[in-house]
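Here's a protein model to explore together. Have a look at the sequence and the 3D view, then read on for a short tour.

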Amino acid sequence: MKKCIATLYCLLVFMLASAAQLIPDGVYFIRCASNLDYVVTPKGGKPSANNSIVITKWQNTNAQKWKVENQNDGSIIIHSMANSTYVIAHNGRDIKEYVGIICSLSNNQKNYQWVPEKQANGSFALKAIENKEFCLEISNAKIADNAPLQLYGFRRGEIQLFYFEPVDGSSKSSNNNTGGKNDGGKNTEVAIDSGSNNSGSNNNSGTKSDDSPQNSTKPLIKDGLYWIQCAGDPKYEVTLEDVKNPNGSSIVIHKRRPEKGQGWRVENQKDGSIIISYNGYALSVKPQDVGEWGKVIGSKYSGKKNERWIPEKTAKGTIILRIR
């Protein structure tokens with residue numbers, strides 16, 4: 001009997017696509033770095049002139065989806081997918097701290113142009129184009145439904161950082177690697193920076209195995225690079241414990257440290273399983289330990305069944321991985 005070894009929440013962090021467009025044109029959820037369960041939303045769920053922008057728990061509504069449009073000056077405009085005539089803007093003529101963030105009519109004003117600045121962990125600060133010393137921030141660092149957003153001096157804290165998670169495959173890049181998080185039955189395609197997370201495009205776990213018939217179903221998790229986060233607390237991620245000596249190293253959970261053993265490559269196999277690897281070392285279990293209490297380890301890729309996992313989506317959108 002297949003045993004459930006680990007329950008993992010696959011949340012993709014969108015990486016650098018190109019120098020010209022840090023966030024390519026497309027439709028996104030804008031998740032709060034301080035708590036990924038919360039996303040940017042118009043207050044009341046319906047954008048209207050000058051109503052405030054807040055954060056709410058993710059519910060996959062149109063009001064929580066935002067369309068990014070890149071401008072020639074390097075800024076972006078962020079339209080509501082619930083009503084594209086409304087955009088995220090600040091409501092002050094004078095740029096200063098504590099200015100509120102609102103839904104405003106898109107009438108070519110500078111107050112709704114934002115300059116994204118990518119951070120080391122893959123998140124973005126959104127700076128006001130009129131004065132890049134000020135950026136979008138969660139007011140009073142409060143993580144709760146209807147907590148407002150504001151402008152504040154840039155200080156790189158988590159309450160000023162946001163992840164742009166593609167919603168519908170609209171994100172494009174010259175890089176052909178794709179990945180995604182299953183969302184309402186859709187496979188989201190996103191661009192991956194193969195140079196990020198020390199995963200390396202030249203360090204694939206290996207060629208796909210041909211020992212079983214091609215599975216005709218669409219893969220639940222597409223090939224690509226991912227963060228694998230714990231559903232119980234998304235601040236913790238699946239991590240290779242000893243990056244310097246990974247063979248046989250334990251797999252643990254650890255707070256985000258993207259430079260150390262947390263950028264995982266998913267490769268779909270023809271038997272419907274996936275191999276999950278980091279720099280050629282696969283997420284695996286010792287064959288004799290397959291069963292309850294089996295320890296998950298990192299081992300040199302070999303393509304054996306103890307390195308293959310069957311993803312199973314739950315009603316909540318999380319992923320259970322069953323050993324093949």
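Which kind of contact do the side chains of Glu-312 and Arg-322 meet in? They form a salt bridge, at 2.9 Å from N to O. Keep in mind as you read that this is a predicted model.

## The chain as a whole

Let's start with the big picture. The chain has 24 strands and zero helices. Of its 324 residues, 54% count as buried. As for the surface, the chain exposes about 14,700 Å², and carbon and sulfur atoms supply 45% of that area.

What about contacts along the sequence? Take the contacts in the chain with a separation of 6 or more: 57% of them come from residues 24 or more positions apart.

Now zoom in on one stretch. Strand β2 covers residues 26-32, and two bridges join it to β3, with the two strands running antiparallel. Getting from β2 to β3 takes a hairpin of two residues. Look for Cys-32, which stands opposite Asn-35 in β3.

On we go to β4, which spans residues 53-57 and pairs with β3 over five bridges, again in the antiparallel sense.

Is β3 largely enclosed or left open? Strand β3 (residues 35-42) has six buried residues out of eight, so the rest of the structure largely encloses it. Here's a handy bit of background for looking at any strand: in a regular one, side chains alternate between the two faces of the sheet.

How many disulfides does the chain have? The count comes to zero. The rule behind that count asks for a pair of cysteine sulfur atoms within 2.5 Å.

## Salt bridges

Side chains of opposite charge can pair when their charged atoms come close. A search of the whole structure finds six salt bridges, and we'll visit a few of them.

Begin with Glu-117 and Lys-127, whose closest N and O atoms are 2.7 Å apart. Glu-117 sits in strand β9 (residues 114-118) and Lys-127 in strand β10 (residues 124-128), so this pair ties together parts that are 10 residues apart in sequence. Glu-117 is partly exposed, at 23% relative accessible area, while Lys-127 is buried at 9%.

Next up is the salt bridge between Asp-271 and Arg-308, with 2.7 Å between the closest N and O atoms. Asp-271 lies in the loop between β19 (264-268) and β20 (274-278), and Arg-308 belongs to strand β23 (residues 308-313), so the pair connects parts 37 residues apart in sequence. Are these two partners buried or exposed? Asp-271 is buried at 13% relative accessible area, and Arg-308 is buried at 1%.

## Back to where we started

Finally, return to Glu-312 and Arg-322, the salt bridge at 2.9 Å. This pair links distant parts of the chain, with Glu-312 in strand β23 and Arg-322 in strand β24 (residues 319-323), 10 residues apart. Glu-312 counts as partly exposed, at 35% relative accessibility. Arg-322 is partly exposed as well, at 26%.

Methods: Residues numbered from 1 in each chain as written. Predicted model: local features only at pLDDT ≥ 70, side-chain atom pairs only at ≥ 80, totals over all residues. Heavy atoms only, no water. Helix = DSSP H or I, 4+ residues; strand = E, 2+ residues; numbered from the N terminus. Buried < 20%, exposed > 50% of the residue type's maximum accessible area, 1.4 Å probe, protein only. Contact = heavy atoms within 4.5 Å. Areas by Shrake-Rupley, 256 points an atom, 1.4 Å probe, with all protein chains shown as cover. Pairing = 2+ DSSP bridges. Salt bridge = Lys/Arg side-chain N within 4 Å of Asp/Glu carboxyl O.
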